[in-house]
Amino acid sequence: PHLSAHARDGLMVEEVPLARIAAEVGTPAWVYSAGSLRRRARALTGALAAAGLDASVHYAMKANDSLAVLALLHREGLGADVVSEGELRIARAAGIPAAGIVFSGVGKSERELRLALAEDIFQINAESAEEIAMISAIASALGRTARVALRVNPDVDAKTHAKITTGRAENKFGVGIDDALKLYRRMASLPGIAPVGVATHIGSQITAGVGAYRAAYARLAELVRAIRAEGLPILRIDCGGGLGIPYRDEPAPMPEALAGAIKATLGDLGLPVMLEPGRWIAGPAGLLLASVVIEKIGAQRRFVVADAAMNDLARPAMYDAWHGILPVAPDALVAPIAPADVVGPVCETGDTFARGRALPPLPAGSLIAFLDAGAYGATMSSTYNARPLAPEVLVDGTRFAVVRERQSLEALLHGQRVPEWLRE
Ligand code: LLP
């Protein structure tokens, strides 16, 4: 795909050697492939169109909220799924029009709802009876009408990691499928609300086929029929995100399979559908480039200590996630391999990227790449251990640009102060 190993230049993203990026930008650094982002956006919209669906894609920007990535995806015709004021403002700054924005999330504040209404975004996905009342009150007071879709929890098991499954009845998301019709009726009767449809999102990193999608959408279809039977308006169906990617070699469903599941379950309703994918678009398009600080041969294990850490890429520490790790140097690819634990310099054992990973000798200064880190990588970073946020680089063919500078130490101190009574 966008990654290749070159005999002279080592690992390259598109036409740019990672060693060149490291030399110019330093490490750790996030590297995104514009070509990969474009191809993936097109593969998704292409699959939906090929299935004969009238579909739009609202990219879940929580996966990667880089302004440059958003601007690129906007040029591919994607809108944005946002979950906070910050995301809404970044999406707008990237050039995505309000008419291309959907607001999801279980805890939208009054301030955020006001902003969404003032901007007149495309759709707000309501998650509870309480939120419906809140939206009605705010919209009425502002003299606006909110276009609201009702997020339904279909109570299906997406068979993914417990921390990222969302479609079970016990999860905090959406309204129960049994209450949905009643609440949709209520939305239609309340001032300031125009009910526009139903929405669901059953979880993330769904790799166990599209069976759970099918089950969820079949329940949604039943609900849509019931809504129509009452003569209530319904304009569209938001099918959520969650399509998984292979981090290791696990099989993962392709967009064609998801499009097929949508077509089979919702196709005959004749309504436009929306999708909110994040990971599938951005995940494989990015990597985290790091240097080896030291290679430590312990009594029992070999440790490769990188200059990237759990504060940069949190997924291994947080979800025991597996990320591929490749050496960047050309000769590393033919050197003898032996197991190593790849860790970061942060002071806790959880700061471990991989255990017993087969890797060549990686002396201090060697470059390594953590793969499939384009989604939920930079966006989940923190400054733990006072480590500045790593820069983000976009590669496009032979060109590359720093699209977010490395955070400065001044920025870490910015806005902090010691109260006067502690200054003696
Ligand atoms: N729509 C809604 C309402 C969501 O909550 C999410 C993700 C998405 C769409 C996009 O899901 P995707 O297509 O990216 O799977 N930090 C975790 C993933 C959390 C996902 C949260 N919601 C991870 O690193 O695996």
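Modeller: A residue is buried if 20 or more other C-beta atoms lie within 10 Å of its own. Please keep in mind that this is a predicted model.

Biologist: Why does Tyr 376 count as buried?

Modeller: Tyr 376 counts as buried because it has 24 C-beta neighbours inside 10 Å. Tyr 376 lies in the loop between strand S19 (367-370) and strand S20 (392-396). Not counting residues up to four places away in sequence, Tyr 376 touches Ala 63, Arg 279 and Arg 315.

Biologist: Which residues does UniProt list for "binding site"?

Modeller: The unreviewed UniProt entry lists Gly 242, Glu 276, Pro 277, Gly 278, Arg 279 and Tyr 376 under that heading.

Biologist: Is Gly 278 buried or exposed?

Modeller: Gly 278 is buried, because 23 other C-beta atoms lie within 10 Å. Its place is the loop between strand S13 (273-275) and helix H10 (279-282). Apart from neighbours within four places in sequence, the contacts of Gly 278 include Tyr 59, Ala 60 and Gly 241.

Biologist: Which residues have the most contacts inside the largest nonpolar core?

Modeller: They are Val 31 and Leu 289, in a core of 123 residues. Helix H8 (residues 211-229) gives the largest share of this core, seven residues. At least three residues of the core come from each of domain 1 (3-33 + 283-413) and domain 2 (34-280). Leaving aside neighbours within four places in sequence, Leu 289 is in contact with several residues, among them Val 31, Leu 18 and Leu 367.

Conventions: Residues numbered from 1 in each chain as written. Predicted model: local features only at pLDDT ≥ 70, side-chain atom pairs only at ≥ 80, totals over all residues. UniProt positions renumbered as here; feature names shortened; annotations may be inferred. Helix = DSSP H or I, 4+ residues; strand = E, 2+ residues; numbered from the N terminus. Buried ≥ 20, exposed ≤ 12 C-beta atoms within 10 Å, placed from the backbone. Contact = placed C-beta atoms within 7 Å. Core = buried A, V, L, I, M, F, W, Y, C linked by C-beta atoms within 7 Å. Domains from an automatic or database assignment.
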